[in-house]
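Thank you for letting me take a few minutes today. Please look at the model on the screen with me, and I will go through it piece by piece.

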Amino acid sequence: MWDAVKSIQQERPLTADEVHEIGCYKGARGIWRDKTSTSHLTESGNGVCVGISSRGKYEDEIGEETGTYDYPSTQASTQDLGDIDSMKAAMTLGLPLFLLRDTNAKGELVKGKGPKRRVDRVEFVAGDPLSRSFVFTFSLGGRSDYLLPEDEEGSCFQVRESKRKQSNSKKRSQAAFRAAVLSRYGEKRCCLCDAPPEVIEAAHIVPVSDDGSDWGGNGLLLCRNHHALYDLGKWCLDPEQLKVVPASGQDLSTLQIHRSNVLHLKQGPDPAALQWRWDKWS
Ligand SMILES: [Zn+2]
């Protein structure tokens with residue numbers, strides 16, 4: 001399949017018909033599993049996921065080098081559970097899958113109807129069966145040499161030369177940052193209120209404008225509200241006890257913060273990043 005995709009893509013984006021014919025994606029759902037030819041590979045008979053579509057995804061969730069993908073989350077329909085099961089089967093079997101990006105004639109991403117399709121081959125970086133999403137990187141369609149930064153070796157500050165690179169390609173670094181933060185914390189939930197994946201953002205502790213890096217340790221998973229309130233200085237994390245401290249005149253309940261600390265995180269944020277933010281805030 002990959003050879004067929006590549007030989008056409010060297011010239012131009014694939015059409016939707018060609019993608020169907022080659023078999024890497026069919027139908028309209030986000031997840032495509034080929035039940036006919038792969039159901040015997042799974043105990044449940046649900047088959048193995050072959051392709052996923054970027055349609056309807058936020059642009060910063062799927063970048064040029066890495067991306068995150070949420071499992072379907074409608075009220076546990078049989079179809080969704082089958083889709084999720086097939087995705088986990090692909091991970092367990094160690095099979096890469098295809099990512100379909102809808103593009104226009106110029107190769108730009110579009111979300112409308114009748115697009116041409118760019119197909120990338122992707123591999124999983126992290127996919128916890130208990131979490132609601134997984135992180136992937138491109139093995140062949142994008143850059144083959146990209147690796148998520150080693151988590152323990154990271155720094156919350158950027159090295160000088162990478163800053164220019166990052167500002168050249170903000171979208172790309174945002175996707176990589178999101179992937180790195182998600183891979184560090186596992187479950188895609190707001191660490192203050194448990195809000196669900198649909199409203200979760202990766203927040204920089206040391207902001208990019210202050211030379212903060214895109215390393216996972218420099219990030220927090222927050223819902224849109226708590227991200228905005230963090231950036232407005234309405235609360236901060238005490239770097240030693242990991243307590244949530246409201247700004248003066250605020251309290252946790254008016255800020256809708258349901259946890260008084262973030263000690264539930266298996267791996268906490270980088271202490272140096274928290275210290276930097278605390279010193280700036282207090
Ligand atoms: Zn929240």
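Predicted model: local features only at pLDDT ≥ 70, side-chain atom pairs only at ≥ 80, totals over all residues.

In helix α7, which spans residues 224-231, the buried residues are H226, H227 and Y230, where buried means under 20% relative accessible area, exposed means over 50%, and partly exposed lies in between, using a 1.4 Å probe and protein chains only. Helices here are DSSP runs of H or I with at least four residues, strands are runs of E with at least two, and both are numbered from the N terminus. If you look down the axis of α7, these buried residues fall within an arc of 105°, so they line one face of the helix; the arc is taken from the directions from the helix axis to the C-beta atoms. The elements that cover them include β7, β8, β9 and α8, with contact meaning heavy atoms within 4.5 Å. Just after α7, G233 has a positive phi of about 75°.

Residues are numbered from 1 along each chain as its sequence is written, and side-chain values use heavy atoms, with hydrogens and water left out.

Now to the metal. Which residues coordinate the zinc ion? They are C190 through SG, C193 through SG, C223 through SG and H226 through ND1, at 2.0 to 2.3 Å; donors are N, O and S atoms within 2.8 Å of the metal, or 3.2 Å for Na, K and Ca, and since water is not among the atoms, sites may look incomplete. The 4 donor atoms subtend angles of 98 to 116°, which makes the arrangement tetrahedral, a term that asks for all angles between four donors to lie between 85 and 135 degrees. C190, in the loop between α6 and β7, and C223, in strand β8, are 33 residues apart, so to speak a link between distant parts of the chain. Both C190 and C223 are buried.

C190 also belongs to the largest nonpolar core, which has 30 residues, and C190, L192, L220, L222 and W235 have the most contacts inside it. Such a core is a set of buried Ala, Val, Leu, Ile, Met, Phe, Trp, Tyr and Cys residues joined through side-chain atoms within 4.5 Å. At least two of its residues come from each of α6, β7, β8, β9 and α8.

Finally, in α8, A273, L274 and R277 are buried, and the buried residues of α8 pack against β7, α7 and β9.

Methods:
Tetrahedral: all angles 85-135°; square planar, octahedral: opposite > 155°, others 65-115°.
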